[in-house]
Amino acid sequence: MKLIPAIDLKDNKVVTATKGGLRKYQEISSKLSPTSNPLKFIEYILTLGNFNTIYLADLDSIKKFKKPNNIIKAILQKHENISFIVDNGARKFSHLNLYENSNFRQILATECFEDYETIIRKNYSDYILSVDFMNNKILRKNTKYKYLKPKKVISMNLDFIGEKKGINIKNLAYLKEIYPLSEIIMSGGIGCNKDLHKAIKNGVTEIILLTAILEKKINLI
């Protein structure tokens, strides 16, 4: 099982979702981390486990698309030996791969992305698809994401993030049906080793998470 720390960035600080599923965020608590500075936070995360991949979400750009974030640029440059998967709220094909670093992979998130026709026409495959679930529905601009053939798909359970509710089997089964040849990555809900084992039994080999890592609720092998 590969564990991928998730880092949400807002106003150039590390933030976490508040309780209640309202998509609100607050600066990460000092109970979870000694710092909210993104660069220092990554240094802290790396003391907790030997992670080689990290997920970054630019919440400001997800809300309203912006040019490349200087903090993310600095992170990519400083940690060239780590692979980063980045959700910068891309809407169009022209918004992809704005970071020139070789240790970066682009996320297409159904919540924001809408230019699937160009992806299909160009036979473009250098991305990870994030299918964003909330309240048992997929947040999407249109349904053309179903025609993609991604190598990897994230089951992004947004209302499970930080809640430690366990994995959503229904969402996982849905994605397996649409993308039978894709590797599914789980995100949201993992709170303990039991959840990890359940994910493994359901064919998941990669999980994006944060709270359980910071609270040291899981064994980092």
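**Packing and strands**

Q: What does Ile207 touch?
A: Leaving out residues up to four places away in sequence, Ile207 touches Met1, Lys2, Leu3, Ile4, Ile185, Met186, Ile190, Leu196 and Ala199. Contact here means heavy atoms within 4.5 Å.

Q: Before we go on, what sort of model is this?
A: A predicted one: local features need pLDDT of at least 70, side-chain atom pairs count only at pLDDT 80 or more, and totals for chains, interfaces and linings use all residues. Residues are numbered from 1 along each chain as its sequence is written, and side-chain values use heavy atoms, with hydrogens and water left out.

Q: Which residues touch the most other members of the largest nonpolar core?
A: Phe84 and Ile207, in a core of 53 residues. Such a core is a set of buried (under 20% relative accessible area, 1.4 Å probe, protein chains only) Ala, Val, Leu, Ile, Met, Phe, Trp, Tyr and Cys residues joined through side-chain atoms within 4.5 Å.

Q: OK, strands now. How do β1 and β2 run?
A: Antiparallel, with three bridges joining β1 (residues 2-10) to β2 (residues 13-17). Strands are DSSP E runs of at least two residues, numbered from the N terminus, and two strands pair if DSSP finds at least two bridges between them.

Q: Which residue in β2 is the bridge partner of Leu9?
A: Val14.

Q: And what's in the turn?
A: The hairpin has two residues between its strands, and Asp11 in the turn has a positive phi of about 50°.

Definitions and conventions
Helix = DSSP H or I, 4+ residues; strand = E, 2+ residues; numbered from the N terminus. Buried < 20%, exposed > 50% of the residue type's maximum accessible area, 1.4 Å probe, protein only.
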